[in-house]
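Subject: Structure handover, with notes on the ligand site

Hi,

Here is the structure I promised to pass on to you.

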Amino acid sequence: MELYHWPMSHNGRKARALARHLGIEVEEKALSMQDKDHKADAYLAINPMGQVPAIKDGDYAVWEANAVLIYLAAQSQNDLLGQSAQEWGHITQWMTWQSVELSPVVVPLHVENYFKRVRGIHADETRRDAAMEKLRALLAVFDAALKGKGYLVGNRLTVADFAVAGDFTYAANAGFPLSDFPNVARWLESVEALPAWADTTPPQIG
Ligand SMILES: N[C@@H](CCC(=O)N[C@@H](CS)C(=O)NCC(=O)O)C(=O)O
């Protein structure tokens with residue numbers, strides 16, 4: 001099984017971390033974004049969206065990071081996919097929340113607060129402030145959901161934690177206000193303590 005990623009990619013990171021956490025033998029294939037490997041025909045045949053991560057397993061391919069997580073978790077007997085209809089509902093809820101609500105807010109903050117800063121480019125303050133306001137609203141919801149809980153669903157690690165934690169990969173670099181959301185900060189510390197999470201920390205830039 002091949003797992004296509006890019007070392008800086010927070011979406012690729014969560015797939016790499018889950019594969020390592022489960023001890024699944026995957027061949028990690030690092031693409032070069034600079035060389036536009038992700039837009040080359042050979043890769044578009046695997047993921048026509050031209051994004052990472054994606055998995056190729058024989059003739060089978062799957063892309064969209066959260067779908068990749070489900071495919072990886074389903075490779076072995078474990079309880080990362082939930083143990084009941086209720087857990088599966090909540091796992092899907094948080095994975096969808098990450099993809100539809102959180103990710104569109106996190107990406108502009110990566111750009112404005114981190115990637116532009118290390119390149120010496122001025123941030124677009126209007127874009128940054130709008131994203132930060134939305135992030136605060138989302139973190140308030142997330143923090144309330146984590147009150148009194150170690151993990152998001154069933155009080156144990158599931159694919160939902162991997163799915164959402166990917167978006168916190170650059171939380172410090174991009175200035176996420178985690179000190180105002182103590183349950184989120186505590187949850188993130190638990191995920192960051194996983195050896196597989198630490199092993200997939202992206203290279204620091206700037
Ligand atoms: N919704 C997709 C987003 C994937 C995504 O945007 N990946 C970034 C890297 S973090 C990428 O490949 N960007 C290159 C591009 O969009 O051209 C997922 O969750 O897999």
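Predicted model: local features only at pLDDT ≥ 70, side-chain atom pairs only at ≥ 80, totals over all residues.

Residues are numbered from 1 along each chain as its sequence is written, and side-chain values use heavy atoms, with hydrogens and water left out.

**The ligand**

Around the ligand you will find Trp 6, Ser 9, His 10, Asn 11, His 38, Lys 39, Gly 50, Gln 51, Val 52, Pro 53, Glu 64 and Ala 65 (a residue is near if one of its heavy atoms lies within 4 Å). By type, this shell has four nonpolar, six polar and two charged residues (Ala, Val, Leu, Ile, Met, Phe, Trp, Tyr, Cys and Pro count as nonpolar, Asp, Glu, Lys and Arg as charged, and the others, Gly among them, as polar).

Polar contacts here are pairs of N or O atoms within 3.5 Å. The side chain of Lys 39 has an N or O atom 2.9 Å from a ligand oxygen, and a polar side-chain atom of Gln 51 is 3.3 Å from an oxygen of the ligand. Glu 64 places a polar side-chain atom 2.9 Å from a ligand nitrogen. The protein buries 75% of the 510 Å² that the ligand exposes when taken alone (Shrake-Rupley method, 1.4 Å probe).

**The pocket**

The ligand takes up the space of the largest pocket (on a 1 Å grid over the protein atoms alone, an open set of points where a 1.4 Å probe fits, with protein on both sides within 12 Å along at least five of seven lines; lining residues have an atom within 4 Å of a point; a molecule sits in it if more than half of its atoms lie within 2 Å of its grid points). Its lining has 29 residues, and Trp 6, Ser 9, His 10, Asn 11 and Val 52 lie nearest the centre. Helix H4 (85–118) gives the most to this lining, with seven residues (helices are DSSP runs, H or I, of at least four residues, and strands, E, of at least two).

**Backbone details**

The Val 52 to Pro 53 peptide bond is cis, with omega near 5°. Glu 64 is not a glycine, yet has a positive phi of about 80°; Glu 64 lies in the loop between strand S4 (60–63) and H3.

Best wishes

Terms used: Polar contact = N/O pair within 3.5 Å; in protein donor to acceptor, adjacent residues only side chain to side chain.
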